[in-house]
Amino acid sequence: MLGDPKVEYKTNQVISDVKRVLGITVNYQKAWRAMQNARDEVLGPASDSYGLLPSYCHVLKKNNPGSVTKIMKDSQNRFKFLFVAYGVSIEGWKHCRPVIVVDGTFLKAKHGGILFVACAKDGNNGIFPLAFGVGESENNKAWEWFFTSLKEAIGGHEELCIVSDRHLSIANVIKKVYPEAHHGICMHHLKENLIKRYMVAGLHDLFFKAARAYRHSEFEKYMSEMSSLNPKIKDYLLEIGPRRWARCLYPRRRYNIQTSNIAESINSAVKEAREQPIPKLLDELRKTFQNWFLERSKLAASTFYPVTTWAHKEMRDKLEKANCMEVFIF
């Protein structure tokens, strides 16, 4: 179980099994330490896994031409940061919408850390992984390392938008590394913060209507309705900056990408592997992305439309609706 990232064996299960099999009651800390020791026996010491990263990255680049990997160590030769971008992702980015979604999530292995993820959407509206990295914590230094490495790998774009949650370090670093980019924030994260701050009935729906409104007049209408619930709500949203979350006020096209859900989906896809040593995590990410790219390659090879299957369906559905409408000339 401990060697299989698909099987999650939790500390409470250890406590229960020890009680059931041996008739002994152990506390949570002791059970957790026993799990870590057992994991080290099966997978090798977690600290030793960091020493495998240079050779892992070497083999990865050898077998995936055009890939970029970077490892940073501190003055005592200890691991600090890791960055990986596959060659196929770097090449594919040229054909994606210029919107990058980033997110960071905790690693649950013995030494902790943060998994950084950057992704986009491809022409078939699917999640397109761009790059990922590992750092000690979600701070300015770690995000700057990640964004700088990302820009070196895939370059910039004059129409670039970057979507994330409201983490202050992300906002600080985007201004520094990607000054040309527009930084939009995830409306779901903003909604959660809004609800926690102002627990008012009806706020949830009004906020989403304002965020998704196409016309400025509609946006103002819903903002006024939220203000009538509590005047501080409107002040709070204006302070954050509607250009960062309201569709009708975006200074650039975000292609209907208003949340960071696609990055969080990648984190969820490797949820169990986040408890494994870093090389195991990297391999799980590799296999996940490899399977995605293979499936999409097969789909593309069997598609004979001049556009992707998603785009074809979108146009067909809209055409069917348009055929039922009448046009009046004023």
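Reader: Which residues are buried in helix α9 (residues 203-212)?
Author: In helix α9, Leu-203, Leu-206, Phe-207, Phe-208, Ala-210 and Ala-211 are buried. Buried means under 20% relative accessible area, exposed over 50%, and partly exposed in between, with a 1.4 Å probe and protein chains only. Helices are DSSP runs of H or I with at least four residues, strands are runs of E with at least two, and both are numbered from the N terminus. This is a predicted model, in which local features need pLDDT of at least 70 and side-chain atom pairs count only at pLDDT 80 or more, while totals for chains, interfaces and linings use all residues. Residues are numbered from 1 along each chain as its sequence is written, and side-chain values use heavy atoms, with hydrogens and water left out.

Reader: And what do the buried residues of α9 pack against?
Author: They pack against α8 (187-197), α10 (216-229) and α11 (231-240). Contact here means heavy atoms within 4.5 Å.

Reader: Stepping back, how many helices and strands does the chain have?
Author: The chain has 14 helices and seven strands. Its C-alpha atoms fill a box of roughly 80 × 50 × 45 Å along the principal axes. Of its 330 residues, 44% count as buried.

Reader: Which residues touch the most other members in the largest nonpolar core?
Author: That core has 62 residues, and those touching the most other members are Ile-100, Leu-115, Phe-147, Leu-150, Ile-154 and Tyr-178. Helix α6 (residues 140-154) gives the most to this core, namely eight residues. A nonpolar core is a set of buried Ala, Val, Leu, Ile, Met, Phe, Trp, Tyr and Cys residues joined through side-chain atoms within 4.5 Å. Another core, of 22 residues, lies apart from it, with Leu-190, Leu-194, Met-226 and Trp-245 among its residues.

Reader: What does Ile-154 touch?
Author: Leaving out residues up to four places away in sequence, Ile-154 touches Ile-90, Trp-93, Ile-100, Leu-130 and Tyr-178.

Reader: Is Ser-149 buried or exposed?
Author: Ser-149, which lies in helix α6, counts as buried because its relative accessible area is 1%. With residues up to four places away in sequence left out, Ser-149 touches Lys-70 and Phe-83. A polar atom of its side chain lies 2.8 Å from the backbone oxygen of Trp-145. Ser-149 and Ala-85 are 64 residues apart in sequence, yet 9.1 Å apart in space, C-alpha to C-alpha.

Reader: On to the surface: which residues form a nonpolar patch there?
Author: Val-21, Leu-22 and Ile-24 do, with about 300 Å² of accessible area together. Patches are made of residues with over 30% relative accessible area and no salt bridge, like charges being joined within 9 Å and nonpolar side chains (Val, Leu, Ile, Met, Phe, Trp, Tyr) within 5 Å. A salt bridge is a side-chain nitrogen of Lys or Arg within 4 Å of a carboxyl oxygen of Asp or Glu. Accessible areas come from the Shrake-Rupley method with a 1.4 Å probe, and for residues only the protein chains shown count as cover.

Reader: Where is Leu-22 placed?
Author: Leu-22 is in helix α1 (residues 11-22). Leu-22 counts as exposed because its relative accessibility is 57%.

Reader: Last topic: what is the phi of Tyr-255?
Author: It is near 50°, a positive value in a residue other than glycine. Most residues other than glycine have a negative phi. Tyr-255 sits in the loop between α11 and α12 (261-269) and is partly exposed, with a relative accessible area of 30%. Asn-256 is in the loop between α11 and α12, and has a positive phi of about 65° although it is not a glycine. Asn-256 is exposed, at a relative accessible area of 56%.

Methods: Polar contact = N/O pair within 3.5 Å; in protein donor to acceptor, adjacent residues only side chain to side chain.
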